[in-house]
Amino acid sequence: MNAIAPTVQLPRLEGSGRLAFHRVLLSEWTKLRSVRSTKWSLFAGFLLTIAFPVIFSFVTRSHWNSMSPSDRADRHPLDIALAGVNVAQLAVAVLGVLLISAEYSTGSIRSTFTAVPKRLPVLWAKLLDYAVVSLVLMVPAVLASFFASQAIIHSIPQLQISFTAPGVARSVLGGAVYVMLVGTFALAIGAIVRNTAGGIATFAAIFFVLPPLMFTLPTSWNNAISQYLPSEAGRQIFALHHAAHTLTPLTGGLVFVAYCAAAILIAAVLLIRRDV
Amino acid sequence: MIEARDLTKDYGSKRAVDGLSFTVQPGIVTGFLGPNGSGKSTTMRLILGLDAPTRGDVTVNGRHYREHAAPLHEVGALLEARSVHTGRSAYNHLLALAQTHGIPKRRVSEVIDIVGLHEVARKRSGQFSLGMGQRLGIAQALLGDPKTVMLDEPVNGLDPEGIHWVRNLLKGLAAEGRTVFVSSHLMTEMALTADHLIVIGRGKLIADTSVDDFVARASQKVVVVRSPELERLRVELTGPGVTFADAERGALEVHGLTAEQVGDAAAAAGIALHELTPQQASLEEAFMNLTRDELEFAAELDEVVA
């Protein structure tokens, strides 16, 4: 460490300005890129999105000849191409929670809110930065996984599907949009819970525990309720076929967006009202 | 300038800050003194709007902190605990804060150089020692060239060289006309640094006074007296609130009377005095004298003196 500067005069600051939203956006971007866990989570999300379809494609290709007709019928090329989305959502959700919960656990939230005492611009900037980053990362990932899996299983005519066929492009890109929305939902959860473990547990409960629990309900109830769960509604964004007791891609997407908006609204109200 | 009016904060049933009213003036160093847990950090969080007051109000440079267009130019703060993401480097931590106000990168490097963190600025701040963390906090406080500088226990964990440097820094900032508000639980530190004192205990205002007055007021009633008839003098002076202690070289230390009272009493009794000296108490003693009567406060004093 250097010796402390002998002079105690504080040099004047020139060329500075006021607080502004585009500046908070840049600040939050700096935070996002300057922590190691961020890069690893995003890299993992990107890699898993591509790796799973590639592995599934190779497995399917090598076993195709020995598969029963019913097994073959169960295989759908888009399920293979988007197999990584379900895994990537976990990495993106964990990071979404961490982006805000880590500020509370380390105390850096006090610095953040000292610089931006109105607080809400911080939440908007985090959401916007993270949505853009996850979309910029996931769109190439789903496109790569689609074309890579199609290339690997090109020898199986039954599993060939054109990107321009009805609903295919929407499903593939919908996978990226879904992961982006999951990230914003998780970030809002993190802002509400303000604790990393609690935030991740809350997310996991909503997305991974609640859906199977529904099967303990009477079938008619399950059929009526399950389609409105965040995970099930959101899934329709990247589902090609409209199954029974599911919402359409548009309705499902809107329901999931409404869940995200509600979580963000609760986060915003609490952010203003609570002490730091 | 910081102005608090009837500032009050409850956490559940516990009252952390209790009806504080004070003004922190620019151009001088104002010490914020009180035992640990007396409400200093809470008051500073209220000033920055991190916590909302239960009652009362506090403004900085004429407005609520959050209403300023460029908050970092108004107040630069070092907060009590670490307020840095442990996985982020000092440079990136300061850069992210600077960017909210469009403060240029060279300013970030500048404040890092000022506090002597240049060689470790790119390392993860979680690896910093307590002293390095304090320096980073001070760099953060200086970042926006603020009109008001507010530091919570800035010398904690600093080496003697660092402590000396902080004292000079605070005096320099005040001399430039800034408002300097610095908390401590150590009176000796405040005696060397502060011009004015705001003393609190259990969240309440105990004193709002200049350091000189504070010491003078508390030390008025300690007098060292020397006389060939010390025992007779002791009898003459005995009364309610008066205590004695043996001073060096056979002198007597009289507590509870002024030099005038001792001299008059000696003259009336025809006792010759060879010495009559009002004592300058240390700030530590002054603080204890001031708070001695507050019984509920006694337990916490041990911490302060330590």
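This is a predicted model: local features need pLDDT of at least 70, side-chain atom pairs count only at pLDDT 80 or more; totals for chains, interfaces and linings use all residues.

1. Ala151(A) counts as exposed because it has 10 C-beta neighbours inside 10 Å. The cut-offs are these: a residue is buried if 20 or more other C-beta atoms lie within 10 Å of its own, exposed if 12 or fewer, and partly exposed in between, with C-beta atoms placed from the backbone. Ala151(A) is found in helix H7 of chain A. Residues are numbered from 1 along each chain as its sequence is written, and chains are lettered from A and ligands numbered from 1 in the order in which they are written.

2. Helix H12 of chain A covers residues 249–273. Helices (H or I, at least four residues) and strands (E, at least two) are DSSP runs, numbered from the N terminus. The 25 residues of H12(A) reach 36 Å from first C-alpha to last, close to the 36 Å expected at 1.5 Å a residue; the expected span is 1.5 Å times one less than the number of residues. Its buried residues include Gly252(A), Phe256(A), Tyr259(A), Ala263(A) and Ala267(A). The buried residues of H12(A) pack against helix H7 (120–152), helix H8 (168–193) and helix H11 (230–235) of chain A.

3. The largest nonpolar core has 145 residues. Such a core is a set of buried Ala, Val, Leu, Ile, Met, Phe, Trp, Tyr and Cys residues joined through C-beta atoms within 7 Å. Ala188(A), Leu94(B), Ile112(B) and Ala139(B) touch the most other members, and H8(A) gives the most residues to this core, 16. Another core, of 10 residues, lies apart from it, with Val225(B), Leu237(B), Val254(B) and Leu257(B) among its members.

4. What does Ala139(B) contact, leaving aside its neighbours within four places in sequence? The partners are Leu94(B), Val111(B), Ile112(B), Ile114(B), Val115(B) and Leu117(B). Two residues are in contact if their C-beta atoms, placed from the backbone, lie within 7 Å.

5. Chain B has 12 helices and 13 strands. Of its 306 residues, 46% are buried. Among contacts in chain B between residues at least 6 apart in sequence, 69% join residues at least 24 apart.

6. An open, antiparallel sheet in chain B is made of three strands in the order E2-E1-E4. Strand E2 (14–24) and strand E4 (55–60) of chain B stand at the edges, each with a single partner strand, so one side of each is left without a neighbour in the sheet. Neighbouring strands of this sheet are turned by 20° against each other on average, direction ignored; the axes are lines fitted to C-alpha atoms, for helices over the stretch in contact, and angles run from 0 to 180 degrees between N-to-C directions. Strand E1 (residues 2–11) of chain B is joined to E4(B) by five bridges, and Thr8(B) stands opposite Arg55(B) in E4(B). Two strands pair if DSSP finds at least two bridges between them.

7. Strand E3 (residues 29–33) of chain B is largely enclosed by the rest of the structure, because five of its five residues are buried. Val29(B), Gly31(B) and Leu33(B) lie on one side of E3(B), and Thr30(B) and Phe32(B) on the other. E3(B) runs parallel to E7(B), with five bridges between them; the bridge partner of Val29(B) in E7(B) is Val180(B). E3(B) also pairs in the parallel sense with strand E8 (residues 196–201) of chain B, over four bridges, and there Leu33(B) has Val199(B) as its bridge partner.

8. Is strand E6 (residues 148–152) of chain B mostly covered or exposed? E6(B) is mostly covered, with five of its five residues buried. Thr148(B), Met150(B) and Asp152(B) point one way from E6(B), and Val149(B) and Leu151(B) point the other way. Strand E5 (residues 75–78) of chain B pairs with E6(B) in the parallel sense over four bridges, and Gly76(B) stands opposite Val149(B). Five bridges join E6(B) to strand E7 (residues 179–184) of chain B, again running parallel, and Leu151(B) stands opposite Val182(B) in E7(B).
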